[in-house]
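Here is a short report for a reader new to this structure. Look at the model first, then read on.

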Amino acid sequence: MEILGTTLRICVDDLEATAAFYERLTGSRALRFERGGVSVAAVGCFLLMSGPESELEVLRKVSATIAVNDVDEAGAALAGAGARIIAGPVPTPAGRNLIAAHPDGSVFEYVDRRPATV
């Protein structure tokens, strides 16, 4: 499994003000979308999330988002190395993802940019 990059996940109260700060910091525009009642702004390597506390409580348990070429391949490699697949793979606005718990208890989201196959 090749890791292409990592995105830091940050839960915030004021998405607009926080996104503006990270846009200035990184010099890039935020890509915005909604998912499960949570508003998201992706700015550079930062994934800013704002929404109901009940949703954010779950999101805070995921340490980071890791980009890979293929989520299916990543899932097989993770399971083979002793990780537990918690959810997925499922389609997202940008591709597919899965959530995995590593043997040390760390939880990560793995994403690819492949469209879901029908």
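In this predicted model, the largest nonpolar core has 11 residues in all. The members are A64, I66, V68, V71, A74, L78, A83, L98, A100, F108 and Y110. Four elements, β5, α3 (71-80), β7 and β8, each supply at least two residues of this core. A second, separate core has nine residues. Among them are Y22, A30, A41 and L48.

I66 belongs to the largest core. Leaving out residues up to four places away in sequence, I66 touches I3, G5, T6, F108, E109, Y110 and V111.

**Strand β8**

Is strand β8 largely enclosed or open? Six of its six residues, 107-112, are buried, so the rest of the structure largely encloses β8. In a regular strand, side chains alternate between the two faces of the sheet. In β8, V107, E109 and V111 point one way. F108, Y110 and D112 point the other way. All of these residues are buried, including the acidic E109 and D112.

| Partner of β8 | Sense | Bridges | Bridge partner of F108 |
|---|---|---|---|
| β5 (residues 64-68) | parallel | four | A64 |
| β7 (residues 95-101) | antiparallel | six | A100 |

β7 and β8 form a hairpin with five residues between the strands. There, G105 takes a positive phi near 100°.

**The whole chain**

How many helices and strands does the protein chain have? It has three helices and eight strands. From the N terminus on, their order is β-α-β-β-β-α-β-α-β-β-β.

The radius of gyration of the protein chain is 14 Å. A compact globule of 118 residues would have a value near 13 Å, so the two agree. Along the principal axes, the C-alpha atoms fill a box of roughly 40 × 30 × 25 Å.

Of the 118 residues, 36% count as buried. The protein chain exposes about 6900 Å². Carbon and sulfur atoms supply 55% of that area.

Contacts also reach across the sequence. Among those with a separation of 6 or more, 48% join residues 24 or more positions apart.

Definitions and conventions:
Residues are numbered from 1 along each chain as its sequence is written. This is a predicted model: local features need pLDDT of at least 70, side-chain atom pairs count only at pLDDT 80 or more; totals for chains, interfaces and linings use all residues. Side-chain values use heavy atoms; hydrogens and water are left out. Buried means under 20% relative accessible area, exposed over 50%, partly exposed in between (1.4 Å probe, protein chains only). Two strands pair if DSSP finds at least two bridges between them. A nonpolar core is a set of buried Ala, Val, Leu, Ile, Met, Phe, Trp, Tyr and Cys residues joined through side-chain atoms within 4.5 Å. Contact means heavy atoms within 4.5 Å. The radius of gyration is taken over C-alpha atoms; the globule rule is 2.2 Å times the number of residues to the power 0.38. Accessible areas come from the Shrake-Rupley method with a 1.4 Å probe; for residues, only the protein chains shown count as cover.
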